[in-house]
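Visitor: I'm new to this one. Could you pick a single part and take me through it closely?

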Amino acid sequence: MNLQIWEGWTWMGKPVYTNETAQMIRKANCKLVEKGEIIRNIIPQEGFQEAVATCQADIAIVGGKRGGGKTHIMNMLASYHINNPLFTMYGFRREIDDIKKGLWASSKGIYEKIATARISDYSWQFPSGAQIQYENIAD
């Protein structure tokens, strides 16, 4: 069997995996979870997260019900830019507790081994100078 791993490149120079490859990665991730091992290959969920990840817009405004994967895909997409010293991503929530329980908790699994966490202002600082900043808008 001759498996094609990717079918093209994004505008950022990242490979676009075929659906077959994405399904194989998802199955491998499930097996790792069953064994209690750490998932090292993060991939969007099929459907909504895939649609957001492949969106070509400069700015994407997404919405939906609680638990749909919006927070995780936002954090995941920022990882494409962490080597750019001019990159800053802002994530907004109404209350500070929404940051603690949502944005911050979700981001730890992605960034805690590759960035410096500043819990005092809920931000990540990357070696390149890139940063992710979470802000509440209630104040």
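Guide: Let's look at the second largest pocket, whose lining is made up of 15 residues. Nearest its centre you'll find Asn29, Ile39, Ile42, Ile43 and His72. Keep in mind that this is a predicted model. The space in the pocket comes to about 270 Å³. Sorted by class, its lining has eight nonpolar residues, six polar ones and one that is charged.

Where does the lining come from? Helix 1 (19-35), helix 3 and helix 4 each give at least two residues to it, and helix 1 has the largest share, with four.

Helix 3 covers residues 70-78 and helix 4 covers residues 96-111; their axes lie 9 Å apart, at an angle of about 45°. Angles under 35 degrees would count as roughly parallel and those from 65 to 115 as roughly perpendicular, so helix 3 is oblique to helix 4. The crossing of helix 3 past helix 4 is right-handed.

On the helix 3 side, the contact is made by Thr71, His72, Met74, Asn75, Met76 and Ala78. Facing them from helix 4 are Gly102, Leu103, Ser106, Ser107, Ile110 and Tyr111. This contact has six nonpolar and six polar residues, with no charged ones. And His72 is a name to remember: it belongs to this helix contact and also lies among the residues nearest the pocket's centre.

Conventions:
Residues are numbered from 1 along each chain as its sequence is written. This is a predicted model: local features need pLDDT of at least 70, side-chain atom pairs count only at pLDDT 80 or more; totals for chains, interfaces and linings use all residues. Side-chain values use heavy atoms; hydrogens and water are left out. Axes are lines fitted to C-alpha atoms, for helices over the stretch in contact, and angles run from 0 to 180 degrees between N-to-C directions. Angles under 35 degrees count as roughly parallel, over 145 as roughly antiparallel, 65 to 115 as roughly perpendicular and the rest as oblique. A crossing is left-handed if the near helix is turned anticlockwise from the far one by less than a right angle, and right-handed if clockwise. Contact means heavy atoms within 4.5 Å. Ala, Val, Leu, Ile, Met, Phe, Trp, Tyr, Cys and Pro count as nonpolar, Asp, Glu, Lys and Arg as charged, and the others, Gly among them, as polar. On a 1 Å grid over the protein atoms alone, a cavity is a set of points where a 1.4 Å probe fits but cannot get out, and a pocket is an open set with protein on both sides within 12 Å along at least five of seven lines; lining residues have an atom within 4 Å of a point. Grid points are joined across faces, edges and corners, and a volume is the space filled by probe spheres set on the points.
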